Amino acid sequence: MFYALCNTSLAADMLGPSACESCHDDEYRTWEKTKHAKSEYFYEREDSQKMAQAMQLTDLDETRNVCWSCHYTVLTSDGETLPETGPACESCHAPASQWLAVHDCYGGDSAAACVQLNASDTDIKRTQETPAHKQWRYTERVKLGMLPANQIYNMATKCFQCHTISAERLVNVGQHSADKPFELVAWSQGELRHHFLRSSNNPPRSIEYQRVQYVIGQMVDLEYSLRALAKATSVGAFSQAMQQRIQAAASKLKAIQQRHNEAIITQVIQAYTHANLAPNQHTALLKVAEFISTQAQNFEREYAGKGARLVKLTDLLPTKMKANKPN
Ligand code: HEC
Ligand code: HEC
Ligand code: HEC
Ligand code: HEC
């Protein structure tokens with residue numbers, strides 16, 4: 001038993017949303033109603049089949065590499081890798097095979113001890129946890145790969161990894177859409193919203209939080225569109241869509257800057273202004289993207305919990321959330 005544990009590979013695998021359901025029932029029910037959950041049948045759609053044909057994806061192996069990373073939660077068992085559902089908990093909160101044992105462990109002092117404790121009758125209850133242990137647990141589960149939900153920048157990079165279609169051939173040959181707008185506040189506070197930890201009625205995040213999230217969302221949009229454009233090798237639908245996304249995010253950042261003069265935002269806009277938005281600019285564009293990444297994280301450090309300072313941005317925030325359903 002113990003040896004088996006030592007032998008587990010360090011690669012973090014997904015466990016699937018059922019591993020979260022027992023404790024996060026409300027979150028699971030909310031997720032089930034989203035397009036993410038329903039995306040699992042996407043491959044049966046006619047437009048998907050056409051796309052695969054155009055790209056000459058003849059077998060599952062090839063399809064796996066091109067479509068699965070964005071459209072599925074992929075599980076590995078007995079050496080076999082298969083799609084389980086659409087994007088789910090771990091697509092955003094990171095694969096849980098390494099961190100789950102620690103996540104709900106209130107007494108153990110190592111991942112191995114937590115596995116044993118969770119399985120034993122002497123399990124320590126959440127209410128019995130010491131403050132020191134809680135601190136250890138929060139740090140440890142991040143070390144083991146979990147993405148805590150309050151890290152706005154890191155969570156946003158997850159969204160944009162899928163929502164920026166960064167594969168040139170997929171767009172130019174497969175004709176996958178690449179120009180669908182994505183705005184972090186509207187898209188995370190609507191159908192996706194699952195805020196049950198503090199209240200069972202799933203309240204939206206405060207307006208102060210949304211202001212910070214809005215600015216970071218624009219910066220990450222700019223960053224990921226630049227990362228995608230960096231991969232462009234020719235002028236075409238792909239490079240044009242990415243240029244448009246870059247310009248759209250930049251003009252939103254300028255509107256932010258006009259209302260709230262902030263050195264971090266000025267630097268981001270300047271970096272964008274000097275960039276050559278053409279294909280085959282791999283190294284130069286990646287450098288700009290890296291710079292914006294650092295600035296977005298600086299912005300979060302400066303403004304997290306201080307959205308009151310961004311009061312002038314209120315009129316920029318979306319009023320209608322993506323597929324916002326009444327509770
Ligand atoms: C055995 C119960 C249990 C299981 C299983 C469980 N959780 Fe949790 N989770 C909790 C509890 C309790 C909290 C409340 C805050 C705390 O004490 O960490 C929580 C909090 C969270 C948070 C918010 C805390 C933060 O710091 O961001 C996230 C995100 C989360 N869980 C994700 C997941 C995911 C994803 C899974 C499945 C892979 C999962 N949880 C499985 C019990 C569980
Ligand atoms: C980089 C991530 C990513 C990859 C790779 C990807 N998709 Fe998508 N796909 C998305 C996202 C995100 C959407 C939702 C777009 C929206 O509605 O904003 C989407 C939407 C779609 C749609 C709906 C119509 C459309 O074009 O918006 C189809 C069909 C589709 N994808 C098929 C595929 C197929 C087939 C593959 C593999 C050949 C694939 N996708 C690869 C992320 C991806
Ligand atoms: C693993 C890839 C992946 C990640 C990560 C991801 N998404 Fe998605 N998302 C998709 C795909 C694929 C679709 C399209 C589903 C479909 O229509 O079949 C989608 C659809 C959506 C939709 C519904 C869009 C519509 O047209 O109604 C919303 C809202 C959304 N995503 C928000 C988010 C947010 C916010 C994040 C980050 C917190 C995020 N997504 C992270 C892949 C992803
Ligand atoms: C598409 C991305 C995405 C998916 C899928 C997703 N989450 Fe989250 N989750 C987030 C984001 C983003 C936040 C932070 C919320 C915010 O900023 O408004 C969050 C917050 C949370 C929190 C803390 C909520 C609070 O009240 O503070 C928990 C717990 C959680 N998620 C668990 C889950 C579980 C369990 C699942 C699967 C059933 C899941 N999440 C699926 C992106 C996602």
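This is a predicted model: local features need pLDDT of at least 70, side-chain atom pairs count only at pLDDT 80 or more; totals for chains, interfaces and linings use all residues.
How many residues does the largest nonpolar core have, and which of them have the most contacts inside it?

Residues are numbered from 1 along each chain as its sequence is written, while chains are lettered from A and ligands numbered from 1 in the order in which they are written.

**View 1. The largest nonpolar core has 45 residues.** Such a core is a set of buried Ala, Val, Leu, Ile, Met, Phe, Trp, Tyr and Cys residues joined through C-beta atoms within 7 Å; buried means that 20 or more other C-beta atoms, placed from the backbone, lie within 10 Å of a residue's own. Ala156, Ile216, Met219, Val220, Leu222, Leu226 and Leu229 have the most contacts inside the core. Helix H14 (207-229) gives the most to this core, with 11 residues. Helices are DSSP runs (H or I, at least four residues), numbered from the N terminus.

**View 2. Here is the shell around ligand 4.** Of its 23 residues, His24, Cys89, Cys92, Ala149 and Leu197 come nearest (a residue is near if its C-beta atom, placed from the backbone, lies within 6 Å of the molecule). Helix H7 (89-93) gives the most to this shell, with 4 residues.

Technical notes: Helices (H or I, at least four residues) and strands (E, at least two) are DSSP runs, numbered from the N terminus. A residue is buried if 20 or more other C-beta atoms lie within 10 Å of its own, exposed if 12 or fewer, and partly exposed in between; C-beta atoms are placed from the backbone.
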